[in-house]
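Subject: Structure handover

Hi,

Here is the structure we talked about. My notes on its pockets and ligand follow.

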Amino acid sequence: MSDAHISVRNLRASHGPKEVLHGLSLSIPRGGIYGIIGPAGSAKTTFLTCLNRTLQLVPRASSVGEVSLNGIPVSNFEINDLRRRVAMVLPLPVGLPMSIYDNVAFAPRMVGMHNKGELDALVERCLTQAALWDEVKDRLDQLGTKLSGGQQQRLTLARALSTEPEVLCLDEFSIAIDPVTTMRIESVLVELKSEMTIVLVTNLLAQARRIADRTAFFLNGNLVEEGPTEELFVAPTDPRTHDYIHGKFG
Ligand SMILES: Nc1ncnc2c1ncn2[C@@H]1O[C@H](COP(=O)(O)OP(=O)(O)O)[C@@H](O)[C@H]1O
Ligand SMILES: [Mg+2]
């Protein structure tokens with residue numbers, strides 16, 4: 001068995017009658033940060049949503065092809081189990097209208113964790129991993145939606161970590177937050193990558209270059225090329241990659 005954590009073969013996805021992902025294949029290795037770059041509309045988000053089958057929640061969307069986690073087709077997983085294993089952080093923080101504590105404890109409670117000591121420890125661990133603990137530890141009962149945008153994005157990350165995912169997907173997480181918070185989350189991701197596989201869709205080329213171990217370039221629903229990040233940026237094999245990373249389009 002190869003050490004691919006996620007393997008994708010001939011994945012096609014459509015929104016209504018329009019195919020937007022055209023038979024894409026790639027392997028995401030276990031551990032490390034796998035960056036995905038490409039202009040708006042290149043199907044990066046659609047691709048991510050195929051990994052944990054959240055595409056099914058999008059009206060009129062469909063997909064065919066093979067997506068496997070640890071060699072097992074994702075269609076074989078019970079859906080909630082799959083989404084605990086493959087967690088998603090969206091571009092805009094989606095705080096649940098409840099306390100900071102309950103935001104993080106929500107998913108663990110859903111699967112039956114009710115012991116206060118265990119929940120307390122889990123909430124502290126996830127908020128610490130998300131670099132938010134020090135700022136909120138004295139007001140855990142405050143509404144999560146009252147936090148600043150950057151804090152809410154870290155709360156969203158803490159919630160994603162609460163199910164102990166093996167794959168953490170982030171979709172343009174820094175689009176609505178300040179550069180300082182962005183850098184803090186980047187250093188959190190670099191710490192987390194030894195414990196899980198991180199799939200990082202980013203609109204910031206410099207972000208992929210700073211922290212992704214490998215990077216894939218998507219264009220119009222196709223994979224143009226992928227490889228070790230430094231190679232892709234310094235010596236891309238495809239002229240379209242060269243033009244994109246040098247700002248000629250997108
Ligand atoms: N819910 C939707 N309904 C219809 N078309 C969609 C929907 N979501 C995405 N698309 C279309 O699919 C294509 C890929 O979109 P998306 O995956 O969001 O790309 P990216 O994340 O790279 O910007 C685009 O042409 C977009 O307009
Ligand atoms: Mg997107």
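α1 and β4 (61–69) each supply at least two residues of the second largest pocket's lining. β4 gives the most, seven residues. Helices (DSSP H or I, at least four residues) and strands (E, at least two) are numbered from the N terminus. This pocket holds about 220 Å³. Of its 16 lining residues, Cys 50, Arg 53, Ser 63, Val 74 and Ser 75 lie nearest the centre.

A pocket here is an open set of points on a 1 Å grid over the protein atoms alone, where a 1.4 Å probe fits, with protein on both sides within 12 Å along at least five of seven lines; lining residues have an atom within 4 Å of a point. Volume is the space filled by probe spheres set on the points, which are joined across faces, edges and corners.

The model is predicted: local features need pLDDT of at least 70, side-chain atom pairs pLDDT 80 or more, while totals for chains, interfaces and linings use all residues. Residues count from 1 along each chain as written, chains are lettered from A and ligands numbered from 1 in written order, and side-chain values use heavy atoms, without hydrogens or water.

The largest pocket has a volume of about 870 Å³. It is lined by 24 residues. α3 (100–110) gives the most, four residues.

Now ligand 1. One of its oxygen atoms is 2.8 Å from a side-chain N or O atom of Thr 45. For Lys 18, the corresponding distance is 3.1 Å. A polar side-chain atom of Thr 46 lies 2.5 Å from a ligand 1 oxygen.

Best wishes

Methods:
Polar contact = N/O pair within 3.5 Å; in protein donor to acceptor, adjacent residues only side chain to side chain.
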